Amino acid sequence: MVELGDLPLDCITPILSQVLTTPLDAGRCATFSRTFRAASDSDAVWRNFLPPDLDLIVSTSSPPPPPFGPSLTRKKDVFLRLCTHPILIDSDRKSFALEKWSGKNAKLTVL
């Protein structure tokens, strides 16, 4: 019998990257085993927590925010940055951020 923690990374990553997984779930899974930690830190998982139109959202900000430069290449880091540092978009008329626990667009407010 194979234990859950012994599953290969190629099996765990698709499970964690499914639409029904939340950032909180991914963080909890990281504590289970090294393989789960590697899977929960992968770009395949965190890409699903970022909005599909993120490039368009960022392109409406001026100037482009620092979190999207070369220093921040992992999807998890981009996600965490957007949770803690909203960006101004649409000629500084709106702010955009993500909700840390669900990954939903938490703040899209008119300024």
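Guide: Let's start with Pro23, which sits in helix α2 (residues 23–29). Keep in mind that this is a predicted model.

Visitor: What makes Pro23 count as buried or exposed?

Guide: Pro23 has a relative accessible area of 6%. Buried means under 20%, so Pro23 is buried.

Visitor: Which residues does Pro23 touch, leaving out those up to four places away in sequence?

Guide: Trp46, Phe49, Phe79, Lys100, Trp101, Ser102 and Gly103. As for Glu99, Pro23 is 76 residues from it in sequence, and the two C-alpha atoms are 9.5 Å apart in space.

Visitor: Phe79 is on that list. What is Phe79 in contact with, beyond its neighbours within four places in sequence?

Guide: Pro23, Trp46, Phe49, Leu50, Leu98, Glu99, Lys100 and Gly103. Phe79 has a relative accessible area of 1%; the cut-off for buried is under 20%, so Phe79 is buried.

Visitor: How do you know on which side of α6 its buried residues lie?

Guide: The buried ones in α6 are Val78, Phe79, Leu82 and Cys83. They cover an arc of only 140° around the axis, so they are on the same side of α6. What they pack against is α2, α4, α5, β1 and β2.

Visitor: What is in the largest nonpolar core?

Guide: That core has 20 residues, and those with the most contacts inside it are Leu50, Phe79, Leu82, Ile87, Phe96 and Leu98. Two or more residues each come from α1 (9–16), α3 (34–40), α4 (43–46), α5 (54–59), α6 (75–84), β1 (87–89) and β2 (94–98). The largest share, 4 residues, is from α6.

Visitor: How many aromatic pairs are there?

Guide: The structure holds 4.

Visitor: Why is the pair of Phe32 and Phe36 called edge-to-face?

Guide: A ring pair is described by the distance of the centres and the angle of the planes. For Phe32 and Phe36 the centres are 4.9 Å apart and the planes are at 75°. Pairing needs centres within 6.5 Å, and planes over 60 degrees apart count as edge-to-face, so the label for Phe32 and Phe36 is edge-to-face.

Visitor: And what are Phe32 and Phe36 called in terms of accessibility?

Guide: Phe32 has a relative accessible area of 48%. Buried is under 20% and exposed over 50%, with partly exposed in between, so Phe32 is partly exposed. Phe36, at 8% relative accessibility, counts as buried.

Visitor: What makes the pair of Trp46 and Phe79 tilted?

Guide: The rings of Trp46 and Phe79 are 5.1 Å apart centre to centre, with 50° between the planes. Stacked takes under 30 degrees and edge-to-face over 60; with its 50°, this pair is tilted. The pair links distant parts of the chain, since Trp46 is in helix α4 and Phe79 in helix α6, 33 residues apart. Trp46 has a relative accessible area of 4%, so Trp46 is buried. Ring pairs also link Trp46, Phe49 and Phe79 into a cluster.

Visitor: Over to helix α1, where Thr13 sits. Why does Thr13 count as buried?

Guide: Thr13 is at 14% relative accessibility, and the cut-off is under 20%, so Thr13 counts as buried. Apart from neighbours within four places in sequence, Thr13 is in contact with Ala39, Ser42, Ala44 and Val45.

Notes
Residues numbered from 1 in each chain as written. Predicted model: local features only at pLDDT ≥ 70, side-chain atom pairs only at ≥ 80, totals over all residues. Heavy atoms only, no water. Core = buried A, V, L, I, M, F, W, Y, C linked by side-chain atoms within 4.5 Å. Buried < 20%, exposed > 50% of the residue type's maximum accessible area, 1.4 Å probe, protein only. Contact = heavy atoms within 4.5 Å. Phe/Tyr/Trp six-rings, centres within 6.5 Å; stacked < 30°, edge-to-face > 60°. Arc of directions from axis to C-beta.
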